[in-house]
Amino acid sequence: MQLMRLGPTGAERPVVRLDQTRYVDVSDVFGDYDEAFFAGGLQRLRALVDERTASGEVRTFGDERIGSPIARPHQILCIGLNYSDHAAETGQTVPDEPILFTKSPNTMVGPNDDVRLPRRATKTDWEVELGIVIGRRTSYLDSVEEARDAIAGFVLVNDVSERAFQLERSGQWSKGKSAETFNPTGPWLVTPDEIDDVLSLGMWLDVNGVRRQDGSTSTMVFDPYVIVHHLSQFMVLEPGDLIDTGTPPGVGMGLDPQVWLAPGDVMELGIDGLGSQRQTVVGPR
C-alpha cells in the first residue's frame, strides 16, 4: 500500500494511493496516520481499501496539497555517514557502528512545501535520504531479521542541514538539523511488501535543474534492518517514529567549490518507488 495525507497544513486527512490518478479516502475510519494507527491499524486499513476499491469508492487526485504521509512522530532519528561514497567525499572514515543524531519532530513538512532558511544561516545543504517508519513499539530486538517485522514502511526524505550550525557551533549535530521545515517527507509511505529490494533503489537530487546527487541505497553501510536492530538496543522505538538513514555523495559540503542553498533555489529529489519532492528555498522569518 501507499499511504498519503492530503489537505492544508494541520488539517491533513489520511488516504491510500492506488495509482497516479486515484486514491481511497479512509479518514472516516482512521483519524490520522499517527502512533495509534501504526500500533495496529495497517491490516484493518488493507481490508478497508480492498472493500472500497471493489465497491467503486475511489476518488481522483486534484490540486490538493500533499502533506507528509505520517503525522508528527514521537521522534526523528538520523544516521550519519551511512553511505561509503558519501563518507569518502567528506574525508571521513566509515563508522564501525551507526552514528546517531536527532532532528526535532516539528521539522517535518510536506514533500512540496517551502524550505525556510534559519536566521544567520550561511551553509544550508541538501540530503536525499531513505526514511524508515516504525510499525510497532520496539526495544531490545534479538536479531537483525526480527527488525523486518518492526518496520511499517519506507519514505523519501530530504534531511536539510545548516552546516555552520552543525559543525562550527559546538554541541551535537542536532543544532544544524532542527530548523523549521528541515525534514520534507513523502509524498507517500510504501509498505515493505511493495518493495522488492530496499537495497537497490536509485536516488537523486537536483538543485536548480543541476543534478547534484545520483546514488543508490546499495552503497549503504548499515541497512535498514541493521539500523532498527541497533537502535532498539539503546532506546524504545515507538510506532510512527521516523529514521532518516543517510545520504549518498553530492551534498553541497562535498563539492569543490562548496555550494550552499539560497532563497529562490529549487530542490527536486526522488527515490525509486517512493515518489519525488520539489521544494523552493525561502528566506528567514
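Q: Which element gives the largest share of the lining of the second largest pocket?

A: This is a predicted model. H4 gives the largest share of that lining, with 3 residues. Strand S6 (76–80) and helix H4 (163–168) each supply at least two residues.

Q: How many residues line the second largest pocket, and which lie nearest its centre?

A: The lining has 17 residues; Leu-81, His-86, Arg-163, Gln-166 and Trp-173 lie nearest the centre. By class, 6 are nonpolar, 6 polar and 5 charged. The pocket holds about 160 Å³ of space.

Q: What is the volume of the largest pocket, and what lines it?

A: Its volume is about 290 Å³. The largest pocket is lined by 18 residues, with Thr-9, Glu-12, Arg-72, Met-108 and Val-109 nearest its centre. That lining divides into 5 nonpolar, 6 polar and 7 charged residues.

Q: Now the helix. Which residues of H2 are buried?

A: Start with the general idea. An α-helix has 3.6 residues a turn, so residues three or four places apart point the same way. In H2, the buried residues are Leu-42, Leu-45, Leu-48, Val-49 and Arg-52. Viewed down the axis of H2, they fall within an arc of 115°, so they line one face.

Q: What covers the buried residues of H2, and which exposed residues does the face turned away carry?

A: The cover includes strands S1 (2–6), S2 (13–17), S3 (22–25) and S12 (151–158), along with helix H1 (35–38). The face turned away from the buried side carries exposed Gln-43, Arg-44, Asp-50, Glu-51 and Ala-54.

Notes
Residues numbered from 1 in each chain as written. Predicted model: local features only at pLDDT ≥ 70, side-chain atom pairs only at ≥ 80, totals over all residues. Heavy atoms only, no water. 1 Å grid on protein atoms, 1.4 Å probe; cavity = no way out; pocket = protein on both sides within 12 Å on 5 of 7 lines; lining within 4 Å. Points joined across faces, edges and corners; volume = space filled by probe spheres on them. Nonpolar A, V, L, I, M, F, W, Y, C, P; charged D, E, K, R; others polar. Helix = DSSP H or I, 4+ residues; strand = E, 2+ residues; numbered from the N terminus. Buried < 20%, exposed > 50% of the residue type's maximum accessible area, 1.4 Å probe, protein only. Arc of directions from axis to C-beta. Contact = heavy atoms within 4.5 Å.
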